[in-house]
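Dear colleague,

I am handing over the structure we spoke about, and you will find the sequence and the model directly below.

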Amino acid sequence: MTVITRDFINPNIIFEDIHVNTEYSYVDLSKKIDIFKNILEKYINKNGKQTRIVIGFFPSLEQIACLFACFELGITVCIIDYQRPDNFIQFTYTDPKTELMSPIDIFIVGSKRDTDKFRYFERVCKNTIVLSEIKSLPCGVNKKVLANEETVIIKCTSSGTTDTPKIIEHSHKFMYNLAVRNSNFYDKSVFIAYNLNHGSSFATYFLPALYSKQVTKIVNVLNFLKKRTIEYCTKADHIMIPYNTQIARFFELGSYSNT
């Protein structure tokens, strides 16, 4: 059955979040998925309409676990990374892309932030979950799988540069088959920084790397443009940097004269 659950992930992969110098296994990730499922389950729509979520975690154990919790519960992940003319400052302005995504049922973040962007999504989403404010995390095993092959796994919009932005939706079945096909391109160590920011990387890089039986390590990176990170990236077998300006800066800072 082509539904993306935690069983999709190669269980032999070792994960690392380099910003906190932490390694963890598939078993550790699976326990975290259960925690997120137990938290999110109470927010699932009871009216038959598919629940939608905006995830505010950076690449990390928390982000991957939250994603797979949503996949298993049949919650649609909304990709909302795009530029706004007001930089989220004007509370009265809601751009057309956000309106197309609406209603958004859940906004989940690690901690409350004193930023315009946090306040904006707190306003436009029905429920805000702040992980750090949950005093006792629900750790029980949760084996429920509420998604099916046709459940919408992600929702995003077209760029709108040539026409009115349009909603783009992909099912579990489509994303599963695409990721399995693309998994042949990845092996050994895969460094990841953009999972939910850059639309196509989700299916062409992030999910395929998690599935690949040849990948041994996934490294989550917050910022490729730090000297320490660039030095560490010399150990990588695969790196995906989607933005031209960052690629130029990456090589400039790393002084890759022979690359």
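Glu-169 is partly exposed, with a relative accessible area of 41%, where buried means under 20%, exposed over 50% and partly exposed in between, calculated with a 1.4 Å probe on protein chains only. This is a predicted model, in which local features need pLDDT of at least 70 and side-chain atom pairs count only at pLDDT 80 or more, while totals for chains, interfaces and linings use all residues. Residues are numbered from 1 along each chain as its sequence is written, and side-chain values use heavy atoms, with hydrogens and water left out.

Glu-169 forms a salt bridge with Lys-155, the closest N and O atoms being 2.1 Å apart; a salt bridge here is a side-chain nitrogen of Lys or Arg within 4 Å of a carboxyl oxygen of Asp or Glu. The pair links distant parts of the chain, since Lys-155 lies in strand β7 (residues 152–157) and Glu-169 in strand β8, 14 residues apart. Helices (H or I, at least four residues) and strands (E, at least two) are DSSP runs, numbered from the N terminus. Lys-155, at 4% relative accessibility, counts as buried.

A search of the whole structure finds eleven salt bridges. One of them joins Arg-6 to Asp-34, with the closest N and O atoms 2.9 Å apart, and it connects the segment before β1, where Arg-6 is found, with helix α1 (residues 26–40), which holds Asp-34, 28 residues apart. Both Arg-6 and Asp-34 are buried. Another salt bridge is formed by the side chains of Lys-217 and Glu-16 (2.8 Å, N to O). Lys-217 lies in strand β10 (residues 215–220) and Glu-16 in strand β1, so the pair ties together parts that are 201 residues apart in sequence. Glu-16 counts as buried, at 9% relative accessibility.

How are the strands arranged in the open sheet of six strands? Their order is β6-β5-β3-β4-β7-β8, with mixed pairing, and two strands are taken to pair if DSSP finds at least two bridges between them. β6 (125–130) and β8 (167–171) stand at the edges with a single partner strand each, so one side of each is left without a neighbour in the sheet. Within this sheet, three bridges join strand β3 (residues 52–55) to strand β5 (residues 104–109), and the two run parallel; Ile-53 stands opposite Ile-106 in β5, and Ile-55 stands opposite Ile-108. Six of the six residues of β5 are buried, so this strand is largely enclosed by the rest of the structure. β5 is also joined to β6 by five bridges, again with parallel strands, and Ile-108 has Ile-129 as its bridge partner in β6.

An open sheet of five strands has the order β2-β1-β10-β9-β11, also with mixed pairing. Here β2 (22–24) and β11 (238–239) stand at the edges, each with a single partner strand, so one side of each is left without a neighbour in the sheet. Two bridges join strand β9 (residues 188–192) to β11, which run parallel, and the bridge partner of Val-190 in β11 is His-238.

With best regards
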